[in-house]
Every structure is written in C-alpha cells, then in structure tokens.
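Open the model in your viewer and keep the sequence panel beside it. The stops below go from the whole chain to single residues.

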Amino acid sequence: MKKYKIQKSPFVVPTTDGKLIEEHWGNSTQNANISIAHMVAPPNWSEPHQTPEFDEFTIIISGKKQFEIDGETVILEKGQSILIEKGARIRYSNPFSEPCEYIAICLPAFSMDLVNREE
C-alpha cells in the first residue's frame with residue numbers, strides 16, 4: 001500500500017463574492033485535522049469579522065492582503081506569511097486594485113462550524 005496521496009482535483013468551494021477557494025486537503029477530503037487551500041481574493045474583496053476556533057497560516061504568493069486582527073491592521077505582500085492564532089477577532093480583505101493569491105492552512109481544518117463569522 002502506498003504511503004502517499006496525490007491531489008489532482010481540489011474541491012472548489014462555491015462562493016458568491018468572486019473569491020476562488022480550492023481546498024486541496026481538509027474536511028472535503030476527510031482530513032479534519034488540517035485544511036490546505038489555494039485562494040485568490042479579487043480586488044476590493046472583504047468578508048465579515050470572525051473569531052475562528054483554529055489557527056490559520058497564510059502565505060502570500062502575489063498581490064497584497066489586509067488583516068484586521070484584534071483592532072490592529074496588518075498588510076502582507078508577496079513572500080510574506082502570518083500565523084493568526086485561534087480566538088483572535090479577524091477580518092480578511094483585499095482593498096487593493098490587484099488580486100491577491102495565497103495559500104491558507106488551518107489547524108484543525110476550516111469549517112463553518114468553527115469560523116464564528118459575525119453577521
């Protein structure tokens with residue numbers, strides 16, 4: 001038996017805000033301990049504040065992404081990364097004119113039950 005798996009067709013999460021989410025590993029592949037997703041946030045994209053029950057690592061591939069973390073604004077650019085620990089109040093956005101491509105890794109895996117998005 002092989003001790004590896006190759007992901008050739010990530011799960012494309014349906015969205016209504018123009019954001020591309022391709023989950024390579026996570027709840028869509030029965031991996032509740034981790035999720036790894038490739039994402040592209042379009043220009044002027046944002047989502048509501050949330051207080052996740054998971055740690056989230058983000059690696060910026062291109063463009064810029066804005067993070068509002070417990071009232072502090074942080075902007076990351078290509079080649080930079082961040083760890084946001086569970087329990088932080090966070091708002092993700094791309095208020096810039098170019099798309100932002102990035103990789104997100106969540107421990108445990110991202111789920112709507114654990115993200116705690118505000119209305």
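What percentage of the 119 residues in the protein chain do buried residues make up? Buried residues account for 34% of them, where buried means under 20% relative accessible area, exposed over 50%, and partly exposed in between (1.4 Å probe, protein chains only).

Before going on, note that this is a predicted model, in which local features need pLDDT of at least 70 and side-chain atom pairs count only at pLDDT 80 or more, while totals for chains, interfaces and linings use all residues. Residues are numbered from 1 along each chain as its sequence is written, and side-chain values use heavy atoms, with hydrogens and water left out.

**Whole chain.** In sequence order the pattern is β-β-β-β-β-β-β-β-β-β-α. The radius of gyration, taken over C-alpha atoms, is 14 Å, close to the 14 Å from the globule rule for 119 residues, so the chain is as compact as a globular protein of that length. That rule is 2.2 Å times the number of residues to the power 0.38. Switch to the C-alpha trace: along its principal axes it spans about 50 × 30 × 25 Å.

**The sheet.** Next select β1, β2, β3, β10, β5 and β8. In that order, these 6 strands form an open sheet with antiparallel pairing; two strands pair if DSSP finds at least two bridges between them. Its edge strands are β1 (11-12) and β8 (81-84), each pairing on one side only. Now zoom in on β5 (residues 55-62), which is joined to the antiparallel β8 by 4 bridges. Ile-59 is found opposite Ser-81 in β8.

**The cysteines.** The structure holds 0 disulfides, a disulfide being a pair of cysteine sulfur atoms within 2.5 Å. Cys-100 counts as buried at 0% relative accessibility, and Cys-106 counts as buried at 3%.

Methods: Helices (H or I, at least four residues) and strands (E, at least two) are DSSP runs, numbered from the N terminus.
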